[in-house]
Amino acid sequence: MSFNKLINRSSFLSKLFSQLSHRNRTFVSHSNNVRNSISYLNWVPESEKTNSFSKVDLEQAVNSDNSLSFSRFILNYKNKVKELSSTISEIESFYKSNHEGLSDTSLEYEIIGKYAYYLVHNSSSLSLFRTPLQGYSRFRRLINELNNDDICKFLMERGKPLLDFSKISQQGISNIKKIRISPGSDLIAIIYDPNLEDKHTLSIYSVSKGEISKTLEDIGEVYFMPYPKNSSFTRLYYTVLNPQKRSHKFCTSLIFNRTGNFCSNRLMYEDPKHFISLFKSKSGRVLFMATVSYNKVFSAYMITKSGKMFTVPIVSGSKLMLEYRNGLVYSVYSDVVSNIYTNSLRNLRAFKSMKNDKSNNGSNFCGRIVGELDYVVSDIDMFNEAMVLYLIKPPSSPTVGLLKFSPLISKNVTNVRKPDNNAFELEVLEIPVAVGLIEPGINMNYKNKSAKFTVNTPGNSCLGFEVDLVNKLVKSTTPINSNVKSIVLKAPTRDGSCNIPLTLVSKFLNNYDTKNVKKILENSDYCKIDEIFNRKCVLYVYGFYGENLTVCNYMEHSKLLEMGYTLCFAHVRGGGELGESWREMGNKEKKYNSFYDLVDVIQFLISKNITSRIKLAISVSSASGILGGCIYNMRPDLCSIIIFKLPYLDHFTTLNDRSQPLVELEYEEFGTTKEDEGEEYNVDHVYSIDPCVNMKKTQAKRPAILINCNVNDTRAPWYHTAKFLDILEKQKDNENILVKVGDYGHEGRPPEHYLVRTCAEEISIIDNFLKD
């Protein structure tokens, strides 16, 4: 439901809910020599296979004699913040006076049943309102006759408050993630994470009773569907999380509308390995359920309003998005070349049971092809008029496409020709943004004739656009900051097998023709452009799970760009920027390619005099903490500081412990360390890139380290950082290690004041360690 986009963007709700050693070492393969005699793991010290800090809480770890290093590095951070206090205050003031956001304040509403729902800000609270739409056909005429301001006025004059979020926050409902409204408007499902611990709770709010009627723990996703047999009930579909935070069960319950009480519960599907994902079609007519892993779909099903479940034929293991319109299922396969297929509801096979389901998922049959694009599809948005496709030209250039549907034509009309390609028209439109992250806007109304979307690009946090679905025109709804420009370059790999795309962003590029700059940088031995010569630079990298490195406006970017920094985004192998083949080139036994690519990009930047070692910072987050750790251990000569944000640093221990969160998915990325797990056995490769087991003495000067970890983070736990730092302490070759520990999780958004303060501290520390 589209309200969730509005919740995520509400600052009020955020507050309320709130060759690898120094130069000559290389990865060494050992396991083939020992696999037939004794497990390779027996050769590995127990301390490297386990994490002793995972058995204690943070307070014990900080005060323990065994973890003096951890507490000392936390103190280092506090002392550095105190030293830089005046600079930090100046940067905080910059963000407070330059609060960025969309200027579009028009009312967004969604029609569910006989009501229109929308959110209204008051002076001290935010409420969910609804307006009755008696005579819905009259309202549809109004939509066609009135402008948007008049429609908003019509709704707000007749609206009444339904739910005040500040009041339910007093019942412990805070940090709301999603809300769902039942088709009869009797029930509201609220998913929230009260303590920002990645522990999701579901509460059912009864509108008639004005109170919470039922609460369930460890719920991943939830949707309502009507129960046609009896209008007194509503069917609830939801997924259940296992202890590793994976949605592994798909269940349904029957709820009594008047009271919100559960009358029955039934398990519909269970998956031992993959995530179970739920998504409701934009029209609200069907619900999709799929088994997924890192954006790959392995099986897909559709549940209709009647409660029947059907198997959707797909190519298993593909990046796939599904939608539904007028009896057709639309399957959009995303890769460097993306394809759109349709399947008629009449041709889908009914799902009987998990045991007897012999679906054709995994076959080559996808349906009837209706479109092909030389773009990666990042998202889709379905309307009655057209399907909107949000596109990326690899690696980071956004645009938008439309799949237009042929209108129904009377048999008596002879002078109107249907569009070619089986009644579908596919067109790609241009937008005036070179690089960025494109996302759907808050398009709640399926009947809209236009669609809003945003582009988040470095230097411009939220650029608003609107595409006319009838006339196929795009217009900007917010001003564009033209002071920042970007170019996409290609850095050659050491073996010459491919080129690594990298995106450069700088305010100084605005003074030049970017095509000429690109030509100079790629073809000359070094940079000859004075204003972008040898600048301070922050390099961002990811390269895991087939996920794209998002080129967008991170909080620190506005200030860094103003300070004259160059921002670089390295699209290394292992990510998804160049499709599935790019991911496979940096996966499992080829994971080392992600590290090699990062080294090659850094050497490219230095060789072109875009930056230098003393002016380069590397920023890694989550799983890319592994790459940051490898740089620190094996190529410390390449940069001056590494910033670790919620880093995943101890994957070797994780893969040795099946109780760890999401460990099944880590097998898909790295392979397994145990021969009996039924997965690809890659213990040597896993071991060789683990930051916690490859620490070596070096004559090179170590870069400074800035780590930000969270105590309630279950995906990249704080004790990964503690183990890494304990090993660093024993090397006794770096005093510039700083650690900040927050009270939050891996996914939840902390309060705005915390984000601003942390960002100001980070920028000040980076600039302090980089030399002019």
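Colleague: Which residues do ring pairs link into a cluster?

Modeller: This is a predicted model, where local features need pLDDT of at least 70 and side-chain atom pairs count only at pLDDT 80 or more, while totals for chains, interfaces and linings use all residues. Residues are numbered from 1 along each chain as its sequence is written, and side-chain values use heavy atoms, with hydrogens and water left out. Rings of Phe, Tyr and Trp (its six-membered ring) pair if their centres lie within 6.5 Å; planes under 30 degrees apart are stacked, over 60 edge-to-face, the rest tilted. The cluster linked by such pairs consists of Tyr542, Phe544, Tyr545 and Phe670.

Colleague: Which residue lies over the face of Phe544?

Modeller: Phe544 belongs to the ring cluster. A charge sits over a ring if NZ of Lys or CZ of Arg is within 6 Å of the ring centre and within 35 degrees of the ring normal. At 3.8 Å from the ring centre of Phe544 lies Lys591.

Colleague: How far from the ring centre of Phe262 is the charged end that sits over it?

Modeller: The charge over the ring of Phe262 is that of Lys214. Its distance from the ring centre is 5.4 Å.

Colleague: What kind of pair do Tyr333 and Tyr341 form?

Modeller: The structure holds 26 aromatic pairs. In the pair of Tyr333 and Tyr341 the centres are 5.7 Å apart and the planes stand at 90°, so it is edge-to-face.

Colleague: Is Tyr341 buried or exposed?

Modeller: Buried means under 20% relative accessible area, exposed over 50% and partly exposed in between (1.4 Å probe, protein chains only). Tyr333 and Tyr341 share one description: buried.

Colleague: How far apart in space are Lys296 and Ser318, C-alpha to C-alpha?

Modeller: Lys296 lies in strand β15, residues 296–304, and counts as buried at 12% relative accessibility. Leaving aside neighbours within four places in sequence, Lys296 is in contact with residues including Ser318, Glu580 and Arg583. Lys296 and Ser318 are 22 residues apart in sequence, and their C-alpha distance is 5.0 Å.

Colleague: What is omega of the cis peptide bond between Pro394 and Pro395?

Modeller: Most residues other than glycine have a negative phi, and most peptide bonds are trans. Pro395 is placed in the loop between β23 (386–393) and β24 (397–405). The bond joining Pro394 and Pro395 is cis, with omega about 5°.

Colleague: What is the phi of Asn326?

Modeller: Asn326 lies in the loop between β17 (318–325) and β18 (328–333). Asn326 is exposed, with a relative accessible area of 59%. Its phi is positive in a residue other than glycine, near 50°.

Colleague: What is the phi of Lys472?

Modeller: Lys472 is found in the loop between β28 (460–468) and β29 (473–476). At 22% relative accessibility Lys472 counts as partly exposed. Although Lys472 is not a glycine, its phi is positive, at about 60°.

Note on methods: Helix = DSSP H or I, 4+ residues; strand = E, 2+ residues; numbered from the N terminus. Contact = heavy atoms within 4.5 Å.
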